[in-house]
Amino acid sequence: QLHSDQDKGDGSLKYILSGDGAGTLFIIDEKTGDIHATRRIDREEKAFYTLRAQAINRRTLRPVEPESEFVIKIHDINDNEPTFPEEIYTASVPEMSVVGTSVVQVTATDADDPSYGNSARVIYSILQGQPYFSVEPETGIIRTALPNMNRENREQYQVVIQAKDMGGQMGGLSGTTTVNITLTDVNDNPPRFPQSTIHLRIPESSPVGTAIGSVKATDADTGKNAEVEYRIIDGDGTDMFDIVTQRDTQEGVITLRKPLDYETRRLYTLKVEAENTHVDPRFYYLGPFKDTTIVKISVEDVDEPPVFSRSSYLFEVHEDIELGTIIGTVMARDPDSASSPVRFSLDRHTDLDRIFNIHSGNGSIYTSKPLDREISQWHNLSVIAAEMNNPKDTTRVPVYVRILDVNDNAPQFAVFYDTFVCENARAGQLIQTISAVDKDDPLGGQKFFFSLAAVNPNFTVQDNEDNTARILTRRNGFSRHEISTYLLPVVISDNDYPIQSSTGTLTIRVCACDSRGNMQSCNAEALLLPAGLSTGALIAILLCIIILLVIVVLFAALKRQRKKEPLILSKEDIRDNIVSYNDEGGGEEDTQAFDIGTLRNPAAIEDKKLRRDIIPETLFVPRRTPSAPDNTDVRDFINQRLKEHDTDPSAPPYDSLATYAYEGNDSIAESLSSLESGTTEGDQNYDYLREWGPRFNKLAEMYGGGESDKDAS
């Protein structure tokens with residue numbers, strides 16, 4: 001209650017309130033100054049409120065006293081129970097833990113004022129989970145209460161913890177939570193085999209590495225605490241078998257280490273041990289953490305194939321042995337107690353040429369064809385052995401036949417030699433170094449000797465004694481015009497027994513060389529050619545040829561557009577055509593340019609050979625003319641062909657010059673050259689040109705009138 005000293009009780013003053021919760025949570029009686037709460041107040045929402053009060057004149061609304069401030073403090077009562085942040089807790093503790101081992105701590109909170117009474121003082125107790133666990137009343141730490149709790153007996157526990165305020169006294173409020181506790185595994189159990197003796201069986205034909213069977217020791221622990229390592233520690237089969245630990249299944253797989261033989265041994269005994277790989281030292285007193293069992297392995301008999309005395313055979317034989325010679329023998333037997341006879345055969349896929357054969361009864365291998373080391377140095381055969389009582393049961397063995405060398409090949413030139421000698425060569429000059437090869441392969445290596453088959457006045461051979469030799473000249477100077485090529489036989493011999501030799505012929509060309517000995521030309525006709533042309537001149541000649549070809553093609557195209565006209569024999573319409581080839585020719589020694597045999601034997605000319613100096617418009621069949629006798633003079637033959645062309649309607653109406661690389665007999669007209677005619681001292685009469693036909697009228701006019709012109713001058 002608020003009261004002002006100026007209040008006389010006549011109602012002239014008015015009390016007003018402001019501050020936290022004024023008008024809502026707290027109201028004031030404006031006449032008496034009494035302050036009231038409008039609803040229930042919760043300390044946990046707000047512990048105190050600050051308010052301001054003042055008395056004013058009701059009529060003038062002026063304050064009669066200064067404003068005063070005061071605090072309303074809320075006193076706490078125990079109206080909140082303790083609460084846990086989690087409804088369910090999860091915790092774990094290793095099994096076999098000692099009493100008092102801490103598991104987890106739970107903490108409850110109380111919203112009441114801890115500074116006022118015991119409303120916020122919480123005490124913890126266990127409602128469920130005894131006698132396995134306990135809780136500390138003040139801290140809420142849960143601890144183990146029993147020793148040696150075994151996970152293998154019980155793994156999961158549920159504990160209910162209560163938190164009560166008022167120090168746990170009567171009338172206090174409480175809250176609870178649940179804690180799920182799991183016992184984690186420790187290695188406190190050793191592995192155990194379920195059986196003391198295990199029996200396994202395996203056929204004797206099983207290959208090495210075959211899995212015979214498995215053994216497994218059980219362990220009540222889990223995870224790495226249950227991991228087991230298997231090993232063979234004793235027995236009469238420790239060298240015949242292995243054991244491998246499978247990590248995913250924790251089994252020990254017994255595998256075959258060596259081949260078995262029922263006839264040799266039928267039963268093996270092994271002592272197998274299983275031991276934990278992760279042992280906790282705290283539990284050594286529960287050990288030992290390993291166990292053993294006896295494994296008996298019985299070998300079963302099977303019908304085995306023949307067995308060779310070796311895994312492979314190697315035979316060596318010389319290549320010159322006679323047919324039917326035995327090169328070696330393979331041996332095989334039946335390992336079974338019945339000991340069936342064995343038959344041998346060759347796998348023909350390994351001897352396609354049937355060079356070898358084998359005796360089916362005793363396994364002797366002999367030759368059926370000649371051997372040649374140079375063709376094949378090794379022969380890889382496969383011999384098959386089969387029981388006579390069971391032919392399907394076979395065994396194979398590789399047989400390697402090495403062919404030893406015999407000196408049966410003569411040495412030869414290593415390569416083809418393109419040898420030349422300069423015309424200006426001097427005596428003793430080296431022109432070629434030669435070497436040889438031999439297909440044979442002697443043990444001491446190759447050794448060759450070089451010599452001449454006969455004494456040669458021009459060249460000699462000098463053995464370098466390193467399987468090479470030098471070819472040297474024996475005289476000064478050579479001439480291509482006299483002899484362009486020399487043939488030099490060289491004898492090559494080896495050093496093995498029996499000695500083999502061969503004769504190789506070197507072809508030595510005579511060539512023109514510069515002062516340094518570099519070859520320039522080796523053809524005899526090259527002397528008649530002009531000096532070498534420059535690159536620019538060659539390009540210019542090539543361009544001229546291309547232009548000439550283009551002109552010929554254009555002319556042929558224009559000619560096709562014109563209609564054919566009858567051959568005009570008029571002198572006024574005769575058109576001369578001079579074709580310049582700029583090719584001097586090689587003379588009588590040039591046999592490559594033209595076939596002289598055609599001129600010597602005109603009857604040998606093919607019937608359907610077309611003209612070479614023009615491009616024919618259409619293919620036509622030339623008229624066949626009777627050939628002249630073999631002894632006809634070349635001049636008669638030329639006249640005959642000239643007449644034929646003059647009367648041929650398909651020939652073009654212009655002159656054509658056919659060049660024959662054969663002079664024939666002397667011409668009655670002698671030379672037609674105006675240059676040569678100008679150099680002669682006597683006068684020449686060319687009137688006979690008119691008798692040669694219309695094709696020579698132009699020449700007759702040009703040279704026939706020369707004499708009259710001279711007289712006139």
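Q: Are phenylalanine 26 and tyrosine 49 buried or exposed?
A: Both phenylalanine 26 and tyrosine 49 are buried. Buried means under 20% relative accessible area, exposed means over 50%, and partly exposed lies in between, with a 1.4 Å probe and protein chains only. Please note that this is a predicted model: local features need pLDDT of at least 70, side-chain atom pairs count only at pLDDT 80 or more, and totals for chains, interfaces and linings use all residues. Residues are numbered from 1 along each chain as its sequence is written, and side-chain values use heavy atoms, with hydrogens and water left out.

Q: How many aromatic pairs does the structure hold?
A: The structure holds 14 aromatic pairs. Rings of Phe, Tyr and Trp (its six-membered ring) pair if their centres lie within 6.5 Å; planes under 30 degrees apart count as stacked, over 60 as edge-to-face and the rest as tilted. Phenylalanine 26 and tyrosine 49 form an edge-to-face pair, with 5.2 Å from centre to centre and 70° between the planes.

Q: Where in the chain do phenylalanine 26 and tyrosine 49 sit?
A: Phenylalanine 26 is in strand E2 (residues 26–28) and tyrosine 49 is in strand E4 (residues 48–57), so this pair links distant parts of the chain, 23 residues apart. Helices (H or I, at least four residues) and strands (E, at least two) are DSSP runs, numbered from the N terminus.

Q: Why is the pair of phenylalanine 308 and phenylalanine 344 tilted?
A: The ring centres of phenylalanine 308 and phenylalanine 344 are 6.3 Å apart and their planes stand at 50°, so the pair is tilted. This pair also links distant parts of the chain: phenylalanine 308 belongs to strand E20 (residues 307–308) and phenylalanine 344 to strand E24 (residues 342–346), 36 residues apart. Phenylalanine 308 is buried, at 10% relative accessible area, and phenylalanine 344 is buried at 7%.

Q: Which residues form one aromatic cluster with Phe308?
A: Phe308 forms one aromatic cluster with Tyr313, Phe315 and Phe344.

Q: Changing topic, how many salt bridges does a search of the whole structure find?
A: The search finds 20 salt bridges. A salt bridge is a side-chain nitrogen of Lys or Arg within 4 Å of a carboxyl oxygen of Asp or Glu. In general, side chains of opposite charge can pair when their charged atoms come close.

Q: Which residue forms a salt bridge with glutamate 275?
A: Arginine 231 does, and the closest N and O atoms are 3.0 Å apart. Glutamate 275 is partly exposed at 27% relative accessibility, and arginine 231 is partly exposed at 32%.

Q: And which residue forms a salt bridge with lysine 290?
A: Lysine 290 pairs with glutamate 273, the closest N and O atoms being 3.9 Å apart. Lysine 290 is in strand E19 (residues 290–300), whereas glutamate 273 is in strand E18. Lysine 290 counts as partly exposed, at 36% relative accessibility, while glutamate 273 counts as buried, at 10%. Salt bridges that share partners join Arg231, Glu273, Glu275 and Lys290 into one network.

Q: What about the surface: which residues form a nonpolar patch?
A: The patch is formed by Ile539, Leu542, Leu543, Ile546, Val550 and Leu554, with about 560 Å² of accessible area together. Patches are made of residues with over 30% relative accessible area and no salt bridge; like charges are joined within 9 Å, and nonpolar side chains (Val, Leu, Ile, Met, Phe, Trp, Tyr) within 5 Å. Accessible areas come from the Shrake-Rupley method with a 1.4 Å probe, and for residues only the protein chains shown count as cover. Leucine 554 is placed in helix H1 (residues 535–561) and counts as exposed, at 53% relative accessibility.

Q: Is asparagine 407 buried or exposed?
A: Asparagine 407 counts as buried, at 4% relative accessibility. Its place is in the loop between strand E28 (394–404) and strand E29 (412–413).
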